[in-house]
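Reader: Hello! Could you take me through one part of this model up close, and then show me how that part sits in its chain?

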Amino acid sequence: MDCSTIMRSPPTRLYVDNTVQEAIDLLVERHMYNLPVVDRDEIFVGEISTRRLIGLMLPVSLSMEMGLKHTGFMRETREELRKRLDKVSDQPITPYIATDITVVYPDSPLIDALMLLYHKYIRVPVVERDSGRLVGGISFLTVLRALEEKD
Amino acid sequence: MHEAGQGVILGLDPQWLSSSIFLATYVLLVSDRVNRTVIVLLGAGLMILTGVIDQQQAVAGVDFNTIALLTGMMILVAIIQRSGVFQFVAIWATKRVGADPRGILLMLATVTALFSALLDNVTTVLLIVPVTLLIVDKLEVSPYPFLLAEIFASNIGGTATLIGDPPNILIGSAVGFSFTDFVRELGLVVIVIHVVVLALLYLLWGRRLTTSDECRARVMAFQEKDTITDFRLLRQSLVVLAMVIGGFMAAEIIQLESGSIALFGATVLLLLHTLGRDSRSQSQRVHDIFNEVEWSTLAFFVGLFVLVQAVEVSGLLALLGQGLVDFTGGDVQVTAFATLWLAAVSSAIIDNIPFVATMIPLLETATPALGGSEAMAPVWWALSLGACLGGNGSLIGATANVIVAGFAERAGHPIGFLRFLLIAVPVMLLSVVIATAYLYLRHFV
């Protein structure tokens with residue numbers, strides 16, 4: 001069984017020039033936790049995750065590498081969270097895209113995608129081997145659905 | 001053990017070969033192109049492989065007291081910081097001045113200096129800078145004055161004690177100066193320098209550091225007690241830390257080296273931290289703590305000791321030591337001042353750890369010509385003052401500076417090299433001038 005047989009295609013995706021607000025809207029609309037990002041030629045660029053977006057709501061001293069770990073002494077107001085998010089909501093998502101994403105190919109064995117789902121990701125992007133075009137996505141739900149169909 | 005150079009590759013002159021390897025290692029260290037631990041271990045390995053020294057001589061060159069002291073302190077700090085005590089102190093101090101940015105500038109710099117005297121500088125800034133960034137974020141003021149003040153305070157505060165800065169650990173271990181010796185000899189001058197530097201920074205930025213009542217209220221709303229994540233661990237940590245520092249102070253009386261005291265204290269705290277848990281949880285905790293020990297730093301020290309041992313055995317340091325005596329005419333006062341300023345300027349440009357590691361055996365060879373070990377004391381204090389205070393001279397002068405610069409960049413407020421230099425050079429010069437005056441008044445009047 002290879003990835004192309006069960007992948008969800010065409011995948012829901014964002015474009016590199018989408019804004020942070022557009023990314024949030026799409027995540028909320030589709031009830032997703034991360035989204036692949038492509039350029040205008042549909043070439044896979046990386047991924048935007050809710051974790052990254054939550055980081056935008058936090059004070060930088062908390063979200064930064066080696067930042068504060070214990071925060072029980074703080075009290076964040078709704079306005080403070082909103083203000084931080086508003087600051088970046090009109091900006092393009094480019095700086096917040098994680099680009100070190102492992103992908104699978106349509107002809108990759110399904111076990112490759114399962115191992116990535118087991119160890120790292122909620123959703124694995126499926127990318128055309130030569131062109132780098134995003135052609136699909138595989139999540140745990142995609143796999144379950146495929147199994148049910150077999151039954 | 002054999003004499004240096006007996007088995008040197010291709011029959012090369014051991015002094016020439018060791019100098020070349022040593023110099024090449026230094027050049028690579030300054031160039032910052034390869035990781036410092038890798039460079040130093042490579043240089044050390046080459047000293048052995050080319051036959052300048054053999055493995056036994058290399059091992060004999062390693063100061064295990066320094067390694068034990070560093071390891072012990074790393075373990076202690078890794079456990080203590082889990083209690084949240086350092087954040088508690090920073091927020092407590094901030095609230096004591098009513099969250100006024102000017103007061104916070106002075107308070108956080110002083111807290112940094114105090115922590116830095118008890119912990120290493122890197123750990124200090126790793127603990128204090130994230131809290132500082134949070135506070136200035138809430139106050140909506142520029143983080144720049146606060147971060148600079150903390151860089152300066154970490155290097156100044158670390159000068160005061162045996163464990164405050166690696167050069168002091170090296171000097172203390174090699175010369176036999178105790179924790180009390182450092183505090184007695186350097187405590188006062190460090191306080192004076194800290195106060196003068198703070199006054200300078202206050203004059204420079206104080207007036208511009210204002211914020212609204214609303215912003216201050218945000219910081220005053222912090223509940224400092226909630227920073228303490230584990231009260232039991234806090235009590236245990238403070239008791240063990242107090243005993244370790246007490247042990248350092250009484251080291252001469254109880255006839256123990258500081259490395260043994262630190263490592264034993266660390267082991268006791270590890271025991272308390274794991275006691276009463278099931279074996280899996282114990283293993284996990286021990287594993288987590290050992291993960292926080294900076295093994296690459298320890299390996300850097302080991303490599304450095306081997307490198308210096310090789311140039312020492314080859315006779316190069318004795319030659320340089322003689323050169324120093326010729327240059328200063330065998331006068332202790334001239335030697336002390338020359339050492340102070342050379343150490344300060346060098347430490348602003350290169351890592352002060354390899355510099356001090358090289359200077360120690362060099363000065364040791366010059367000791368007889370300068371009147372023996374008792375007469376040399378001011379020179380050792382000059383080396384400590386110069387190497388530690390010199391770290392303030394540039395953004396790359398100390399590892400702590402680089403760490404703070406990294407934090408500033410990630411927070412979106414990069415500290416430019418030249419912008420830093422404009423303030424750092426006057427601060428360093430002022431500190432070293434005060435240190436010069438102090439050494440003169442204390443030892444040569």
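Leaving aside neighbours within four places in sequence, which residues is B:Leu76 in contact with?

Author: Happy to! Please keep in mind that this is a predicted model. Once the neighbours within four places in sequence are set aside, B:Leu76 is in contact with B:Leu241, B:Val244, B:Ala262, B:Gly265, B:Ala266 and B:Leu269. B:Leu76 also belongs to the largest nonpolar core, a set of 153 residues, and it is listed with B:Leu307, B:Leu340, B:Val356 and B:Leu383 as touching the most other members. A second, separate core has 24 residues, among them A:Ile48, A:Val104, A:Ala113 and A:Ile138. As general background, nonpolar side chains in soluble globular proteins tend to be buried together.

B:Ser260 is part of helix 14 of chain B, which covers residues 258-274. It counts as partly exposed because it has 17 C-beta neighbours inside 10 Å.

Now for the whole chain. Chain B has 22 helices and zero strands, and 51% of its 445 residues count as buried. If we take contacts between residues at least 6 apart in sequence, 80% of those in chain B join residues at least 24 apart. Along the principal axes, the C-alpha atoms of chain B fill a box of roughly 75 × 55 × 45 Å. The radius of gyration of chain B is 22 Å, which agrees with the value near 22 Å for a compact globule with 445 residues.

Definitions and conventions: Residues numbered from 1 in each chain as written. Chains lettered and ligands numbered in written order. Predicted model: local features only at pLDDT ≥ 70, side-chain atom pairs only at ≥ 80, totals over all residues. Helix = DSSP H or I, 4+ residues; strand = E, 2+ residues; numbered from the N terminus. Buried ≥ 20, exposed ≤ 12 C-beta atoms within 10 Å, placed from the backbone. Rg over C-alpha atoms; globule rule 2.2 N^0.38 Å. Contact = placed C-beta atoms within 7 Å. Core = buried A, V, L, I, M, F, W, Y, C linked by C-beta atoms within 7 Å.
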